[in-house]
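Student: Here is a two-chain model I would like to go through with you. Can we take it piece by piece?

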Amino acid sequence: MTDSRGNIASLVERTALVSAAGTVVAAHFLGDTAILVLGEEALVLVSPDGQSRQVRIHGGAILASAADANRIITGGDDGRIVATALDGASAELGSDSKRRWIDHVATGPRQSVAWSAGRQATVRSPISEERVFEAPSTVGGLAFAPKGLRLAIAHYNGATLWFPGAQAAPETLAWKGSHLGVAFSPDGRFLVTTMQEPALHGWRLSDGQNLRMSGYGARVRSLDWSAGGKWLATSGAPQLVLWPFASKDGPMGKMPRMCAPAQAPAETVACHPKQEVVAVGYGDGLVLLVRIDDGAEILAREPSGAPVTALAWNSQGTRLAFGGEDGGAGIVNLG
Amino acid sequence: MSDKIPVTVLTGYLGAGKTTLLNRILSEPHGKRYAVIVNEFGDIGIDNELVVGAEEEIFEMNNGCICCTVRGDLVRIIDGLMRRKGRFDAIIVETTGLADPAPVAQTFFMDANIGRRAKLDAVVTVTDAKWLQARLKDAPEAKNQIAFADVILLNKTDLVATDELSELEARIRGINPYAKVHQTTRCDIPLSEVLARNAFDLDRIMEIEPDFLTGPDHDHEHTHDGHDHAHDHNDDHHHPGGGLKHYHDEEMQSLSLKLAAPLDPDKFFPWVQDLVQKEGPNILRCKGILSFKDDDERFVFQGVHMILDGDHQRPWQEGENRESRIVFIGRNLPQERIKAGFESCLA
């Protein structure tokens, strides 16, 4: 299946292709070096000159990854939490005593790291001793609030907000169903979860007001906030779906904006860090850059046949890394 | 489609012999590599890096339908296992003795991400011949596990007499005439009878005529036609004939219908959707092969409770009998109404 986009502007010639040894499940940047996270065992570090090298960091599947300014944090089915630096050197941050899978990891302010194994979420921070939270069911996702040491934990029938450094009781936001991914809005006013159903749920944190965002054809597996936080970009439909979060009510009572319709579902989204532009990776391998304002598209990669499973921008927004289920990957240089 | 990882679901009441079967699968040389999702971790005597402990987490879907449940832990674990998909050929999911197989099966239909990469191969139910009779009376889970099964092991047969065995088998068939039943003592059965069955391949199931049990005195077009509704169901009863006793379970039945003329899809889909919306809690499983008018491809579907999944399967072959067949297994099914509804779908 191919998607004919006609004669739109293309960045295809500005792309350095990388062939990874397996499925790329996530991508991150440390400076201008792209880090492709493979489904099994290893990271692929792609330096700005296009040189790539693979470093083995886990003894099995890599189930989760997150980045802060200096490190990539990964969790594996080997029960280990590993931090890897730009030079490829890795160190074990922790391990599960029962060797359970590390299902989720998150990075927070001042080098804080959180991970979960089953129902147990753990936070380690230089400004607090290691703390453990037992969720009522298996943890579906973790996210640090943009400010302060506060962790959101998604689980069955809601999400819990927890201050690991304080004695205050965790606060539970209830909504029926299985909540998987979780994300704070950049201004910290809203918390959004992806659900087992093809829908998102959200809460306005000031008053716990519920936000329901539905209408998707598939489970939403990827979401990201636009630069400035006015829009929430999501996968789950054969187009880019953007929910408006600029007003105090967020998307309450509003329709989402939809752009860049395609033949395959949007699988992965990543917002440009400075402009209102979203990179969208589709199920057929197509990657588009989409300007939110007018829906204008730029082709970043022609359809390859394999779903795009990873997208990431560097912090300047000059480089875009993409990776696919078949290991096909590349770095688009916009600089 | 064939690159989907096959998943065998192993159910059975406590002590029936699931672990015996699992240990055989993991230890015998058969050239296949299995990833195994177990509940009672300690019981597995095999050191296999792809044995994953799971806690059964039944999650209701947030769609107002109480029978739409999935196994949340399976969503997570299968997603994780798929990152290592080159390392195994198939997945086995062992459920606890009390488990309802529906959420496990529904997980493969409800979660597109899993359905794209894995498919249900068969539900295999291990039963304990000595205790099955009692469990069928006091444990609804035991009956569900039989109703859901594609393959049933009537195990520990050395503990009961021969005539009791044939009675048990007849009782199983009274609940689920479509499953393949094997009598075993220590789950001693060629593993090929249990694994890679492709039992969800509907052809096999639809070829089985449930009628063969009912003896010559019954209408062969519609299996249960004419002998089910006037009866008092306070007690199990049996019909002689055909060599095997035929039990009707007082609450669990199957219904098999066929129509020789093509169906109108614009009538069939609204009807079947409406039926499973209303009767979903009572319909444990349904399956069908359909012939639509002006359509040269076979349409196949299957469902669990309210969830239906269907697609064109392949072109009808030269000389193939283009008939439509549907099968329901469930509780207190409104058989006459289903039959009339199905017949109203003719083009």
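Student: Why is H2 of chain B described as largely enclosed by the rest of the structure?
Tutor: This is a predicted model, where local features need pLDDT of at least 70, side-chain atom pairs count only at pLDDT 80 or more, and totals for chains, interfaces and linings use all residues. Residues are numbered from 1 along each chain as written, chains are lettered from A and ligands numbered from 1 in the order written, and side-chain values use heavy atoms, without hydrogens and water. Buried means under 20% relative accessible area, exposed over 50%, partly exposed in between (1.4 Å probe, protein chains only). H2(B) is largely enclosed because the buried share of its residues is 9 of the 10.

Student: Which strands of chain B does H2 lie across?
Tutor: Helices (H or I, at least four residues) and strands (E, at least two) are DSSP runs, numbered from the N terminus. Axes are lines fitted to C-alpha atoms, for helices over the stretch in contact (heavy atoms within 4.5 Å), and angles run from 0 to 180 degrees between N-to-C directions. H2(B), residues 72–81, runs at about 160° to S2(B). The strands it lies across are S2, S3 and S6 of chain B.

Student: What is the strand order of the open sheet in chain B?
Tutor: Two strands pair if DSSP finds at least two bridges between them. The sheet has 7 strands with parallel pairing. Its edge strands are S3 (51–53) and S9 (180–183) of chain B, each pairing on one side only. The order is S3-S2-S6-S1-S7-S8-S9.

Student: In S3(B), which residue is the bridge partner of Ile37(B)?
Tutor: S2(B), residues 34–38, pairs with S3(B) in the parallel sense over 3 bridges. In S3(B), the partner of Ile37(B) is Val52(B).

Student: How many salt bridges does the rule find across the interface of chain A and chain B?
Tutor: The two chains bury about 2200 Å² between them (accessible area lost on being put together, 1.4 Å probe, summed over both), with 44% of it on carbon and sulfur atoms. A salt bridge is a side-chain nitrogen of Lys or Arg within 4 Å of a carboxyl oxygen of Asp or Glu. Glu325(A) and Arg116(B) form one at 3.0 Å, N to O. The count across the interface is 9.

Student: Which element gives the most to the side of chain A that touches chain B?
Tutor: The elements giving two or more residues to that side are S4 (40–46), S5 (52–67) and S15 (171–184) of chain A. With 5 residues, the one that gives the most is S5(A).
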